[in-house]
Amino acid sequence: MNNYITGAVIKRLRENKKMTQEELAQKIFVTSKAVSKWETGKGFPDIGLLESLGKALDVSVIELLSGEDITNLNKSCNMVKGKFYVCPVCGNVIQTTGEAVISCCGITLPPLEAESPDNEHSLNIEIVEDEYYVTMNHPMTKEHYISFIVAISDQGVQLVKLYPEADAQARFKINRVRKLYAYCNRHGLFEVDRKAIR
């Protein structure tokens, strides 16, 4: 990890819970003096305490380390409001249905921000019976390629993982598709809305 929990984060999260230093200390079996030292920057919690500290403060260890407490307000699980994360180390593709803190290979991943396709990243969409046939005229070299194409509906996600030196193409069932996305390993995520599909 390239960062560590700060005293200001512990204090803010503790105060948000309307908890005293003594109450927090009792929950994680340390002294209130230890909590005071952490909050004033005179010491740090032992790494072995992070899980119990996170539980006491109702945040994950990742949230504790990042200093951000994430609350997913997307209670109805709206697939269209989902977010994508791609690990730059192993290439994992992770999709969430709302706000989340995602970590892979020891890195906290930021959500991808989708852009409108430019000429180099345009999606060619044909309707073939009950499917969208999506192609892209894009390099597919080992260094520069489309990593995945995905169709999002209110019912779920259809994701096709692509690989270098293969064709940039995918087929998706048309039923209730709201958005199409393509991810270029160099230029990021591109989005096509339903209105532009039909």
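Select Lys 18 to begin. Lys 18 is exposed, with a relative accessible area of 74%. Keep in mind throughout that this is a predicted model. Lys 18 belongs to the loop between α1 and α2 (21-28). Check its backbone: phi is positive, about 55°, although Lys 18 is not a glycine.

Go on to Phe 29. This residue lies in the loop between α2 and α3 (32-39). Phe 29 also has a positive phi, about 60°, and is not a glycine. Is Phe 29 buried or exposed? Phe 29 is exposed, at 75% relative accessible area.

**Helix α1**

Step back to helix α1, residues 7-16. Color Gly 7, Val 9, Ile 10, Leu 13 and Arg 14: these residues are buried. Look down the axis. The five positions named cover an arc of only 160° around it, which puts them on the same side of α1. Now select Ala 8 and Asn 16. Both are exposed, on the other side of α1.

**The aromatic pairs**

Switch to the aromatic rings. How many aromatic pairs does a search of the whole structure find? The search finds three. Show Phe 84 and Phe 148. Their ring centres are 5.8 Å apart and their planes meet at 35°, so the pair is tilted. Phe 84 sits in strand β1 (residues 83-86), and Phe 148 in strand β7 (residues 146-153). The pair therefore ties together parts that are 64 residues apart in sequence.

**The four-stranded sheet**

Stay with β7 and widen the view. Four strands make an open sheet, ordered β8-β7-β10-β11, with antiparallel pairing. Find the edges: β8 (157-161) and β11 (188-193). Each edge strand has a single partner, so one side of each is left without a neighbour in the sheet. Neighbouring strands here are turned by 15° against each other on average, direction ignored.

Zoom in on β7 and β8. The two run antiparallel and are joined by five bridges. They form a hairpin, with three residues between them. Which residue of β8 is the bridge partner of Ala 151? Select Gln 158: that is the partner. Then pick Ile 152, which stands opposite Val 157 in β8.

Keep Val 157 selected. Its place is in strand β8. Val 157 is partly exposed, with a relative accessible area of 33%. Draw a distance from Val 157 to Lys 179. Their C-alpha atoms are 10.0 Å apart in space, and the two residues are 22 apart in sequence.

**A charge over a ring**

Select Lys 161 and Tyr 163. The charged end of Lys 161 sits over the ring of Tyr 163. The distance to the ring centre is 5.3 Å.

**The three-stranded sheet**

Next, show β5, β6 and β9. These strands form an open sheet in the order β5-β6-β9, and the pairing is antiparallel. At the edges are β5 (124-128) and β9 (169-173), each pairing on one side only. From one strand to the next, the twist averages 25°.

Look along β6 (residues 131-135). Five bridges join β6 to β9, and the two run antiparallel. Select Tyr 132 in this pairing. Tyr 132 stands opposite Phe 172 in β9.

**The cysteines**

Finish with the cysteines. Select Cys 104 and Cys 90. What is the distance from the sulfur of Cys 104 to the closest cysteine sulfur? The gap is 3.6 Å, to Cys 90, which is too far for a bond. The cut-off for a disulfide is a pair of cysteine sulfur atoms within 2.5 Å. By that rule, the count is zero disulfides.

Cys 104 has 11% relative accessibility and so counts as buried. Cys 184 is also buried, with a relative accessible area of 0%.

How values were computed:
Residues are numbered from 1 along each chain as its sequence is written. This is a predicted model: local features need pLDDT of at least 70, side-chain atom pairs count only at pLDDT 80 or more; totals for chains, interfaces and linings use all residues. Side-chain values use heavy atoms; hydrogens and water are left out. Rings of Phe, Tyr and Trp (its six-membered ring) pair if their centres lie within 6.5 Å; planes under 30 degrees apart count as stacked, over 60 as edge-to-face and the rest as tilted. A charge sits over a ring if NZ of Lys or CZ of Arg is within 6 Å of the ring centre and within 35 degrees of the ring normal. Two strands pair if DSSP finds at least two bridges between them. Axes are lines fitted to C-alpha atoms, for helices over the stretch in contact, and angles run from 0 to 180 degrees between N-to-C directions. Buried means under 20% relative accessible area, exposed over 50%, partly exposed in between (1.4 Å probe, protein chains only). The arc is that of the directions from the helix axis to the C-beta atoms.
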